[in-house]
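Below is a short note on one structure, meant for a reader who has not seen it before. The points can be read in order, with the structure open alongside.

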Amino acid sequence: MCIDSKHRFWVGTNNGLNLVKVRYDKLDLSGQTKPDVRFTRIIATKPEKHLLNANEINCIYENTDGRIWVATQGGGINFMDADSLRFTHLTTENGLPGNDVLGILSDRSGVKWISTNKGIVSYDTSNKTKPFTYYSQSDGLQGETFKVNSYYQAADGELFFRWR
């Protein structure tokens with residue numbers, strides 16, 4: 001789940017991405033009335049360039065520019081323009097080590113750390129010549145397959161990813 005900077009409430013499932021139709025800050029969660037919780041459902045139905053490319057959602061991350069990063073099982077990362085619901089994709093074809101993306105965190109300098117089924121990769125979008133740095137067992141990782149939703153950033157900025 002992710003509540004983005006525009007108070008949109010996103011829910012990832014094993015069968016697509018869902019957007020609560022009412023802004024999160026407008027939901028009545030007092031318990032006095034039944035909240036209006038209806039969803040816009042986004043599912044991958046066919047392989048097209050600007051659609052979600054996989055339905056199992058492992059992580060939803062909002063970048064500082066407001067773009068939503070949707071980590072999927074099998075489809076890599078789907079970058080979503082939340083206003084148009086159009087997607088672009090980052091997969092093994094573009095440099096990810098694996099298309100099962102299990103977690104995304106950003107360090108204090110803005111570099112993204114991505115756990116996959118084939119190790120961890122740092123992704124520095126400001127580095128146009130070499131945006132990816134790959135880490136595997138040969139770099140000291142306990143293993144190369146990480147657990148879904150098992151990532152954490154401590155208050156001091158240290159990043160943690162849980163290996164299977």
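Where is the place of Asn 149? It is in strand β13, residues 146-153. The points below begin with how the model is to be read and return to this residue later.

1. Basis. This is a predicted model, in which local features need pLDDT of at least 70 and side-chain atom pairs count only at pLDDT 80 or more, while totals for chains, interfaces and linings use all residues. Residues are numbered from 1 along each chain as its sequence is written, and side-chain values use heavy atoms, with hydrogens and water left out.

2. Secondary structure. The protein chain has 14 strands and zero helices. Helices (H or I, at least four residues) and strands (E, at least two) are DSSP runs, numbered from the N terminus. Read along the sequence, the pattern is β-β-β-β-β-β-β-β-β-β-β-β-β-β. The radius of gyration is 16 Å, close to the 15 Å that the globule rule gives for 164 residues, so the protein chain is as compact as a globular protein of that length. That radius is taken over C-alpha atoms, and the rule is 2.2 Å times the number of residues to the power 0.38.

3. Extent and surface. Taken along the principal axes, the C-alpha atoms of the protein chain fill a box of roughly 55 × 40 × 30 Å. The protein chain exposes about 9,400 Å², and carbon and sulfur atoms supply 48% of it; accessible areas come from the Shrake-Rupley method with a 1.4 Å probe, and for residues only the protein chains shown count as cover. Of the 164 residues, 41% count as buried. Buried means under 20% relative accessible area, exposed over 50%, and partly exposed in between (1.4 Å probe, protein chains only).

4. Contacts along the chain. Among contacts between residues at least 6 apart in sequence, 41% join residues at least 24 apart. Contact here means heavy atoms within 4.5 Å.

5. The structure holds four salt bridges, each being a side-chain nitrogen of Lys or Arg within 4 Å of a carboxyl oxygen of Asp or Glu. Side chains of opposite charge can pair when their charged atoms come close. Asp 4 forms a salt bridge with Arg 8, the closest N and O atoms being 2.7 Å apart, and both residues are buried. Asp 83 also forms one with Arg 8, with the closest N and O atoms 3.0 Å apart. Asp 83 lies in the loop between β7 and β8, and Arg 8 in the loop between β1 (2-3) and β2 (9-13), so this pair ties together parts that are 75 residues apart in sequence. Asp 83 counts as exposed, at 59% relative accessibility, whereas Arg 8 counts as buried, at 15%.

6. Asp 25 forms a salt bridge with Arg 23, with the closest N and O atoms 2.5 Å apart. Asp 25 is partly exposed at 37% relative accessibility, and Arg 23 is partly exposed at 38%. Salt bridges that share partners join Asp 4, Lys 6, Arg 8 and Asp 83 into one network.

7. Positive phi values. Which phi does Leu 85 have, although it is not a glycine? Leu 85 has a positive phi of about 60°. Leu 85 is found in the loop between β7 (77-81) and β8 (86-90), and is partly exposed, with a relative accessible area of 28%. Asn 149, in strand β13, also has a positive phi, near 55°, and is a residue other than glycine. Asn 149 is exposed, with a relative accessible area of 52%.

8. Ile 42. This residue has its place in strand β4, residues 39-42, and counts as buried at 10% relative accessibility. Ile 42 and Asn 18 are 24 residues apart in sequence and 6.0 Å apart in space, C-alpha to C-alpha. Leaving aside neighbours within four places in sequence, Ile 42 is in contact with residues including Trp 10, Leu 52, Met 80 and Leu 85.

9. Ala 71. This residue is found in strand β6, residues 68-72, and is buried, with a relative accessible area of 0%. The C-alpha atoms of Ala 71 and Thr 33, 38 residues apart along the chain, are separated by 34 Å. Beyond neighbours within four places in sequence, Ala 71 is in contact with residues including Glu 56, Cys 59, Val 101 and Ile 104.
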